[in-house]
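This report covers salt bridges, nonpolar cores and helices. The structure comes first, and the text follows.

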Amino acid sequence: MSSVPTRARPDLSRRDHELRELMDDPGCDLAALHRTYARFDLVNQLLSGWAATYRRRIRPLAEPGRPLDVLDVGSGGGDVARSLARWAHRDGVELRITGIDPDARALAWAAGRTARWAARHPEVTPPVFRRAASGELVAAGETFDVVISNHLLHHLDPDAVVAFVRDSQRLSRRLVVHNDLVRSAAAYRLYAVGVLPLAPGSFLRTDGLRSLRRAYVPAELRELAGPGWQVLPGSFAHQQLIRSRSLALHTDPPR
């Protein structure tokens with residue numbers, strides 16, 4: 001009797017740092033990339049937990065008559081920034097949201113999508129997007145009340161995580177929240193099946209599974225971030241690397 005070979009399950013006991021996501025390839029299929037950005041709106045609403053993070057961590061910082069400056073690092077298609085703007089308007093909270101990303105393709109998509117979104121919601125202050133990296137803003141002396149990122153940490157190798165933690169610490173006056181995936185076999189299995197209805201024609205399934213294989217576990221993030229940072233549970237298969245204004249904000253974490 002012949003047997004049909006099956007694909008071996010990846011070893012999730014260690015981070016697969018050699019994997020790269022398809023959408024990070026400058027030569028990737030642009031139509032598939034745009035579909036991926038478009039579907040992030042729904043995927044992040046369902047999985048990333050930003051509504052709860054806004055309610056619990058960002059909204060309480062708002063003060064009457066004083067806009068809250070928020071920096072979204074690695075803003076991608078801009079869906080998290082747009083969601084924050086919408087929720088803040090609903091709650092009467094004044095947010096000034098800036099998204100930065102070094103990828104010109106992401107910025108072009110985010111700007112176009114946000115312009116169309118703003119035309120439908122003229123009452124909401126839209127986010128603005130800039131092509132920049134966190135280190136450039138540090139060098140320019142810029143600071144923000146809140147610094148956030150979504151699904152960025154797993155893109156970074158350990159040395160880059162350390163540098164990014166240092167940058168975000170310097171950029172933030174009050175709060176840092178880096179929301180990212182947690183590497184686990186359960187999350188891998190569930191995402192592989194659950195994302196199928198949204199995946200056709202996009203990079204969602206391949207890149208999502210690669211992201212989970214590249215993701216850190218809480219102990220790894222704690223070691224990289226150093227003193228003054230907390231790693232707390234997020235939504236399903238997510239964790240949050242957090243630093244608040246009650247901690248020393250301008251002391252570099254150890255290398």
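The side chains of aspartate 157 and arginine 15 meet in a salt bridge, at 3.5 Å from N to O. A salt bridge here is a side-chain nitrogen of Lys or Arg within 4 Å of a carboxyl oxygen of Asp or Glu. The pair joins distant parts of the chain: aspartate 157 sits in the loop between β4 and α6 (158-171), and arginine 15 in the segment before α1, 142 residues apart. Helices (H or I, at least four residues) and strands (E, at least two) are DSSP runs, numbered from the N terminus.

The model is predicted: local features need pLDDT of at least 70, side-chain atom pairs count only at pLDDT 80 or more, and totals for chains, interfaces and linings use all residues. Residues are numbered from 1 along each chain as its sequence is written, and side-chain values use heavy atoms, leaving out hydrogens and water.

The structure holds 15 salt bridges, including these:

| Pair | N to O distance | Residues apart |
|---|---|---|
| Aspartate 157 and arginine 15 | 3.5 Å | 142 residues |
| Arginine 59 and aspartate 91 | 3.0 Å | 32 residues |
| Arginine 173 and aspartate 145 | 3.3 Å | 28 residues |

Arginine 15 counts as buried because its relative accessibility is 13%, while aspartate 157, at 30%, is partly exposed. Buried means under 20% relative accessible area, exposed over 50%, and partly exposed in between, with a 1.4 Å probe and protein chains only. Aspartate 145, at 0%, is buried, whereas arginine 173 is partly exposed at 32%. Both belong to a network of salt bridges that also links Arg66, Asp69 and Arg96.

The largest nonpolar core has 26 residues, and Ile58, Leu84, Leu95, Val146 and Ile148 have the most contacts inside it. Such a core is a set of buried Ala, Val, Leu, Ile, Met, Phe, Trp, Tyr and Cys residues joined through side-chain atoms within 4.5 Å. Its largest share, 6 residues, comes from α3. Apart from this core lies another, of 23 residues, with Leu71, Phe144, Val161 and Leu241 among them.

Which residues of α2 are buried? They are Trp50, Ala52, Thr53, Tyr54 and Ile58. Their cover includes β1, α3, β4, β5 and β7 (238-244). In α4, the buried residues include Arg105, Trp109 and Trp117. The end C-alpha atoms of α4 (residues 104-120) are 25 Å apart, which agrees with the 24 Å that its 17 residues should span at 1.5 Å a residue; the expected span is 1.5 Å times one less than the number of residues.

Key. Contact = heavy atoms within 4.5 Å.
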